[in-house]
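Thanks for making time this morning.

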Amino acid sequence: MQNSAAGTIGGVASTAGVGKFTNGFTTGAFDYAFNDKQLHGKKNSRALKSPTGKGVRGKDNWGGGHYGASRGSRSHDGVDYVSDSGQRVVAPMSGRVVRHSHPYADDLSFDGIVIRANDGAEVTVWYVDVSEAVKMNGMIAAGDYIGTAQDLTGRYPNITNHVHVRLHDVKGKSLNPQGY
Amino acid sequence: MIGRLFLCLMLSLQLIACSGVGVNAEQKDFKAQYIWGEGVNAVHICNEDKEYWVRAQPKTLGELERGYLRLTSTPYEYVYITFKGELLNEKLDGFAENYDGYMRVSELLTIAATVPKNCLMKSVKK
């Protein structure tokens, strides 16, 4: 139920998307990016492209996937976009691929990459089997294929599979990938 | 022949000593609040303002996770643990980047649902 609800939200956003992001954030026909102005009512705000083409993970037994969701004494630093295990995943923003990043130091089977934009902001995408075609230090455009979504249910039973997207500005400050 | 064996034995002992296997001067007993879930695996040491990402061998991680799931009903509740461990001086990566460091839990001693009143959680830098 949560999956379908999230998917519907993503679909609406995709249909309604106007492709008017600025500062080098590209949109196109194959674009599931959220129109942040419509979602949040903020003028001139930007939003990253959903890397799975789906919406944000709703609340399940493992918490919610929206930015700022509770994580005990802390809050969720990023947005979880619903995924199907094995589906294609695309870059949420344009920039240079600066490094691999593993969400868990004790389990390197979970993978991801960090992309740095021209302004120094860095987006991290986790739970992706990163394609060998993705070159470190290479440039990548929003919407380019970066790999396939990983299955989290083995580690967290019944969790809604997702790709985690985290955005930090050049000073390391956390930003909401859906509107910043 | 005996001399060569003795030499090999001494060399092996020296290598073991240098690698630190089984020897750790920083190992201490800790009391803490523990939280586990997707993207979270951390200890908040009692009465301190630091929260550390947990590192452990698979066996110990399994004990923590199973114990946590047995004692909690909703995600991201804190439980109380006592453990032997040490702080690690390693570069943080992944979800751990938002924490104050790595804590290696080498042995879980106890785990309980109720956090004692004398184990306070001071606010942490988020």
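In strand S2 of chain B, the residue that bridges to B:Trp36 is B:Asn41, and that bridge belongs to an antiparallel pairing of S1(B) with S2(B), residues 40–45, which runs over six bridges. Strands here are DSSP runs of E with at least two residues, helices are runs of H or I with at least four, and both are numbered from the N terminus; two strands are said to pair if DSSP finds at least two bridges between them. S1(B) and S2(B) form a hairpin with two residues between them, and in the turn B:Gly39 has a positive phi of about 80°.

Residues are numbered from 1 along each chain as its sequence is written, and chains are lettered from A and ligands numbered from 1 in the order in which they are written.

Back to chain B, where S1(B), residues 28–37, also pairs with S4(B), residues 79–88, in the antiparallel sense over seven bridges, with B:Lys28 bridging to B:Gly85. S3(B), residues 51–55, and S5(B), residues 102–112, pair in the parallel sense over three bridges, and there the partner of B:Val54 is B:Met103. Taken as a whole, five strands of chain B close into a barrel in the order S1-S2-S3-S5-S4, with mixed pairing. Neighbouring strands of this sheet are turned by 55° against each other on average, direction ignored. Helix H2 of chain B, residues 58–71, lies across S1, S4 and S5 of that chain and runs at about 45° to S5(B); for such angles, axes are lines fitted to C-alpha atoms, for helices over the stretch in contact, and the angles run from 0 to 180 degrees between N-to-C directions.

How confident is the predictor in chain B, going by its mean pLDDT? The mean is 84, and 77% of the residues of chain B reach 70 or more, where pLDDT is the predictor's confidence in each residue on a scale from 0 to 100. Over residues 15–23 of chain B, however, the pLDDT is below 50, and beyond near neighbours in sequence this stretch has one contact in the model. Where pLDDT is low, the predicted coordinates should not be read in detail. For the model, the scores are ipTM 0.74 and pTM 0.77.

Chain A has two helices and twelve strands, and buried residues make up 42% of its 180 residues. By buried I mean that 20 or more other C-beta atoms lie within 10 Å of the residue's own, by exposed 12 or fewer, and by partly exposed anything in between, with C-beta atoms placed from the backbone.

The largest nonpolar core has 30 residues, and A:Ile115, A:Val123 and A:Val163 are among those with the most contacts inside it; such a core is a set of buried Ala, Val, Leu, Ile, Met, Phe, Trp, Tyr and Cys residues joined through C-beta atoms within 7 Å. A second, separate core of 27 residues includes B:Ala56, B:Tyr68, B:Phe95 and B:Met103.

Two residues of chain A deserve a look for their backbone. A:Tyr127 and A:Asn158 each have a positive phi of about 70° although neither is a glycine. A:Tyr127, in the loop between S7 and S8 of chain A, is buried because 26 other C-beta atoms lie within 10 Å. A:Asn158, in the loop between S10 and S11 of chain A, is exposed because 9 other C-beta atoms lie within 10 Å.

Finally, the interface: 18 residues of chain A are in contact with 19 residues of chain B, contact meaning that the C-beta atoms, placed from the backbone, lie within 7 Å. On the side of chain A that touches chain B, strands S1 (70–71) and S2 (74–75) of chain A each supply at least two residues. That side divides into six nonpolar, eight polar and four charged residues, counting Ala, Val, Leu, Ile, Met, Phe, Trp, Tyr, Cys and Pro as nonpolar, Asp, Glu, Lys and Arg as charged, and the others, Gly among them, as polar.

How values were computed. Predicted model: local features only at pLDDT ≥ 70, side-chain atom pairs only at ≥ 80, totals over all residues. Contact = placed C-beta atoms within 7 Å.
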